[in-house]
Each structure stands twice: as structure tokens, then as C-alpha cells.
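The following exercises are to be worked with the sequence and the model side by side. Each task is followed by a solution in steps.

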Amino acid sequence: MTAIRYVGVVGAGQMGRGITEVCARAGLHVTLCDVTEDRARAGLAGVADSLLKAEKRGAITADERAHALAGISVTDDLSRLSGADLVIEAAVEDERAKTALFRQLAEVVTDPAAVLASNTSSIPIARLAAAAGRPDTVVGLHFFNPVPVMPLVEIIPSLHTSKTTELRVRAFAGEILGKKTIVAQDRAGFVVNSLLIPYLLAAVRMVGSGTATAEDIDTGMTAGCAHPMGPLTLADLIGLDTVAAIGEALYEEFREPLYAPPPLLRRMVESGLLGRKSGEGFFRYR
Ligand code: CAA
């Protein structure tokens, strides 16, 4: 089983940045790709900032920070990922965009055994595998936000993923990145979001119906159940557009009302209130 040394990350948003950081900290060479050079560079600046914070709190040394940074390059040209052993797609949670990317990735990545992974939270891996046309090497590799802190990676083989591909990504996430891994079936939401999203949507419905204020709902779960964050702070952290998109995908798959994004969530997304990344969601961040 060939070791993974060179990783391509597609998408320089919060998940792509976190994945780039943990790969670089593990000593891998990483190329971070986004649709424009500016976005890719902004992603790298975010990773540099996070590495500096990690050094300041003593989690890594100055040398480790410099070494991690030196291992990262950025590009807006997907063909620069041609030599990758593993590409992790962390682009917007949109099926069309992701299938188009997998079609392109299968063309540009030259090693036929290279793994094409998606960080999707809810889109069936089988659809991305069909777009790539070499389904044995396509797999779900789902990280959690903030990636440098959360120990879990979900691994989602589709019905066509080879055992070799599954074992390679398990070794990558478990041994190289030092994450805990769980394996989930290829169904929308996998394990964690199938449980988490209905809970977050229930909290949004409580705000909508006036059961309690956003602050009190969150205090209920932090002080009453010892959760590290309340559901509305967590929804803001994930991004309300992402929470809504995952809810849509779950609803589309199972047709259960508990997965349907409530009107308040849709209106907030339409109004640009996306949570922490836009500066305001259920709470303000500016
Ligand atoms: N990047 C890197 N490190 C970070 C960070 C970030 N964005 N945010 C916090 N940290 C680090 C801090 O530096 C600190 O490190 P040390 O212990 O080494 O000093 C540590 O994490 C704890 O941070 P804080 O003391 O500042 O804050 P906290 O104790 O309130 O913890 C938290 C912050 C880790 C985010 C915590 O609130 C938490 O675990 N929240 C729940 C997060 C969660 O549930 N994530 C999953 C979301 S679901 C998902 O991602 C999947 C999906 O598909 C939607």
C-alpha cells in the first residue's frame, strides 16, 4: 500500500484551510487550490495565522510552524494537482459543483491509484464516484470544524470504493494525521450529521416559535448538558448556509420533516446572515 505524501486540497474556505493545516503539520506537502489565486492566497493567510496561534499557545514550535508553512503551495490551476497521491475536495456543499470537480480531477490527476476524496457532509459519494469514472479510488473523508481541534474523521466508502482505497485513507487519517476514524455507510448525513442536524434545526425552530431566546437556548445546552457550545453558536460556527444545505440534502434523501430547514433559517441565509464567517448569524461577531 503506497504511503500518502503529497496532498491536494480543493477549496480554501474554513474546512479546506483546516485540512491543509493538519496535513502540513503532519509533514506532508500540500497544494491548496481555489478558483482564483486571491482566494487561494487568502486561504494560505488563514492557515499561517492559525499556525502562529498554535505556536503562541505552545502547541507547536517555531521550527514546526516554519516547516509546515514551507510545505504548502497555493494555486488556482487544478492541473497543478496532477502528481497528488490524495486529493481532498472541500469546495462549496453543492452537488453540481462537486460532480464537475470530480470529473476534472479524474482527468488531471495522473496516478490511477491516487485517491480522490470528498469532505462532503451529505452528498452521496456514489454520485461523485460516477462523475470521476474511476469509482474504486473515490471515497468520503469528512472532517469536523475546527479541523485542527476536532479529533474525528468519518470515512465513507461507496459501494464501489476498493478495500485498498479505504485502508489507505484510514491509515492516512488515523496514523498520519492522528485522528480518530469511524466508517459510515454512503447515505446522506453519514453518522454525525444524521444526529447533529435535526438537533440544530430544532433549536432554530425554537427561536422561530419564541420558546426562548437564542442565548437561553444555548445556555440550556451548555449549562444543562455540558455541551462545549450551544446549538445556535455551533450552527453559526458551521455556517448557516452549510447547515441549510445539509438539511436539504437529508430531507431530499429521507423526506423526514425533522430534516427540512425551517423558514427562519432560509430567510437568514437569503439575508446574508451566515454566522461567524459573515460576521452575524444568531449572534454577532463584529
Ligand atoms: N483553529 C485552531 N484551534 C482552535 C480553533 C480554531 N478555529 N478554535 C479553538 N481552537 C483551539 C484553541 O486554541 C484551544 O487550544 P489549546 O487547548 O491548545 O489552548 C482549544 O482549541 C480550545 O479553545 P478555546 O479555549 O479558545 O475555546 P473553547 O474551549 O470554547 O473551545 C471549541 C472551542 C474547540 C471550538 C469548542 O467550543 C468545541 O468543541 N465546540 C464544538 C465544535 C463542534 O461540535 N464541531 C463540529 C461541528 S460539525 C462539523 O464540522 C461537520 C459538519 O459537516 C457540519
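**Exercise 1. Determine where the ligand lies relative to the two domains, and describe the shell around it.**

Solution. The model is predicted, and the reasoning below applies to that model.

Step 1. Domain 1 spans 6-183 and domain 2 spans 194-278. Both contribute residues to the shell around the ligand, so the ligand shell lies between them.

Step 2. Of the 16 residues around the ligand, those that come nearest are Ser121, Phe144, Asn145, Pro146 and Pro228.

Step 3. By residue class, the shell consists of 11 nonpolar, four polar and one charged.

Step 4. Helix H7 (192-209) and helix H9 (231-238) each provide at least two residues of this shell.

**Exercise 2. Describe how domain 1 and domain 2 are placed relative to each other, and what each gives to their contact.**

Solution. Step 1. Taken over C-alpha atoms, the centres of domain 1 and domain 2 are separated by 26 Å.

Step 1. Six residues from domain 1 and eight residues from domain 2 take part in the contact.

Step 2. On the side of domain 1 that touches domain 2, the residues comprise one nonpolar, four polar and one charged.

**Exercise 3. Characterise the largest nonpolar core and the surroundings of Val87.**

Solution. Step 1. The largest nonpolar core has 84 residues, and Leu86, Val87 and Leu116 have the most contacts inside it.

Step 1. Helix H10 (residues 240-254) gives the most to this core, with seven residues.

Step 2. At least three residues of the core are drawn from each of domain 1 and domain 2.

Step 3. Apart from neighbours within four places in sequence, Val87 is in contact with residues that include Gly8, Val10, Leu105 and Leu116.

**Exercise 4. Is Leu200 buried or exposed, and which residues does it touch?**

Solution. Step 1. Leu200 belongs to helix H7.

Step 1. Leu200 has 21 C-beta neighbours inside 10 Å and therefore counts as buried, the threshold being 20 or more.

Step 2. When residues up to four places away in sequence are not counted, Leu200 touches Pro231, Leu234, Ala235 and Val243.

**Exercise 5. Examine the backbone at Pro146, Phe190 and Arg255.**

Solution. Step 1. As a reference, most residues other than glycine have a negative phi, and most peptide bonds are trans.

Step 1. The peptide bond from Asn145 to Pro146 is cis, with omega near 0°. Pro146 is situated in the loop between E6 and E7.

Step 2. Phe190 has a positive phi, near 50°, and is placed in the loop between strand E8 (180-183) and H7. Phe190 counts as buried because it has 22 C-beta neighbours inside 10 Å.

Step 3. Arg255 also has a positive phi, of about 55°, and lies in the loop between H10 and helix H11 (263-270). With 9 other C-beta atoms within 10 Å, Arg255 is exposed.

Methods:
Residues are numbered from 1 along each chain as its sequence is written. This is a predicted model: local features need pLDDT of at least 70, side-chain atom pairs count only at pLDDT 80 or more; totals for chains, interfaces and linings use all residues. A residue is near a molecule or strand if its C-beta atom, placed from the backbone, lies within 6 Å of it. Helices (H or I, at least four residues) and strands (E, at least two) are DSSP runs, numbered from the N terminus. Ala, Val, Leu, Ile, Met, Phe, Trp, Tyr, Cys and Pro count as nonpolar, Asp, Glu, Lys and Arg as charged, and the others, Gly among them, as polar. Domain bounds come from an automatic or database domain assignment. Two residues are in contact if their C-beta atoms, placed from the backbone, lie within 7 Å. A nonpolar core is a set of buried Ala, Val, Leu, Ile, Met, Phe, Trp, Tyr and Cys residues joined through C-beta atoms within 7 Å. A residue is buried if 20 or more other C-beta atoms lie within 10 Å of its own, exposed if 12 or fewer, and partly exposed in between; C-beta atoms are placed from the backbone.
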